[in-house]
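Biologist: Hi! Could you show me the model you have open and walk me through it?

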Amino acid sequence: MDDVPQLAAVAIDCSDPWALGRFWQEFLGGELRDGGDDFVELHGATVRIDFCQVPEPPVDRKNPVHLDLRVPAERRDAAIERVLGLGATRALDIYDGDEWATFRDPESNEFCLVWGAA
């Protein structure tokens, strides 16, 4: 199943990564790890994702939660081509890294394809 991305993480935008990370750690368990300059990772917790209809149009919604979808590094270009062919668009106003790229689905929900370090 190399063509199907695997869920790597659910990312939550916030003001204070350590404080919010501690909240979710207390609630779900797991281990907090320093992810770098501006993020913290919670490992070992179980996560469920719900898609909920809301009355606001997509352009009026903030997108504080997004999916990080892991693809094999050698399949990166094929995965990008595939998701663009399905109707996603590049989120060029958001920083892409050396290990990921950011996109928007047809309703403008942000998500990343990740091929770098775990």
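Modeller: Happy to; we can go through the fold, the sheet, the salt bridges and a surface patch.

Modeller: This is a predicted model, so to speak of local features we need pLDDT of at least 70, side-chain atom pairs count only at pLDDT 80 or more, and totals for chains, interfaces and linings use all residues. Residues are numbered from 1 along each chain as its sequence is written, and side-chain values use heavy atoms, with hydrogens and water left out.

Biologist: How many helices and strands are in the chain?

Modeller: The chain has 2 helices and 7 strands. Starting at the N terminus, the order is β-α-β-β-β-α-β-β-β. Helices (H or I, at least four residues) and strands (E, at least two) are DSSP runs, numbered from the N terminus.

Biologist: And what order do the strands of the open sheet have?

Modeller: Its 5 strands run E1-E4-E7-E6-E5, with mixed pairing. At the edges are strand E1 (6-12) and strand E5 (89-90), each pairing on one side only. Two strands pair if DSSP finds at least two bridges between them.

Biologist: In what sense do E4 and E7 pair?

Modeller: Parallel, over 4 bridges, with strand E7 covering residues 110-114. Leu67 has Phe111 in E7 as its bridge partner.

Biologist: Which strands does helix H2 lie across?

Modeller: Helix H2 (residues 76-85) lies across E5, strand E6 (100-104) and E7. Its angle to E7 is about 155°, where axes are lines fitted to C-alpha atoms, for helices over the stretch in contact, and angles run from 0 to 180 degrees between N-to-C directions. Contact means heavy atoms within 4.5 Å.

Biologist: Switching to salt bridges, what is the count?

Modeller: The count comes to 4, a salt bridge being a side-chain nitrogen of Lys or Arg within 4 Å of a carboxyl oxygen of Asp or Glu. One of them joins the side chains of Asp93 and Arg104 at 3.0 Å, N to O. That pair links distant parts of the chain: Asp93 sits in the loop between E5 and E6, while Arg104 is in strand E6, 11 residues apart.

Biologist: Which residue besides Asp93 is in the network with Arg104?

Modeller: Glu110. The closest N and O atoms of Glu110 and Arg104 are 3.7 Å apart, and salt bridges that share partners join Asp93, Arg104 and Glu110 into one network.

Biologist: Are Asp93 and Arg104 buried or exposed?

Modeller: Asp93 is exposed, at 59% relative accessible area, whereas Arg104 counts as buried at 18%. Buried means under 20% relative accessible area, exposed over 50%, and partly exposed in between (1.4 Å probe, protein chains only).

Biologist: What share of the chain's residues is buried?

Modeller: Of its 118 residues, 21% count as buried.

Biologist: Last topic: which residues make the nonpolar surface patch?

Modeller: Ile12, Phe23, Trp24, Phe27, Leu28 and Val65 make a patch of about 560 Å². Patches are made of residues with over 30% relative accessible area and no salt bridge, with like charges joined within 9 Å and nonpolar side chains (Val, Leu, Ile, Met, Phe, Trp, Tyr) within 5 Å. Accessible areas come from the Shrake-Rupley method with a 1.4 Å probe, and for residues only the protein chains shown count as cover.

Biologist: Which element gives the largest share of the patch?

Modeller: Helix H1 (residues 17-28), with 4 residues. Val65 is found in strand E4 (residues 65-70) and is partly exposed, with a relative accessible area of 41%.
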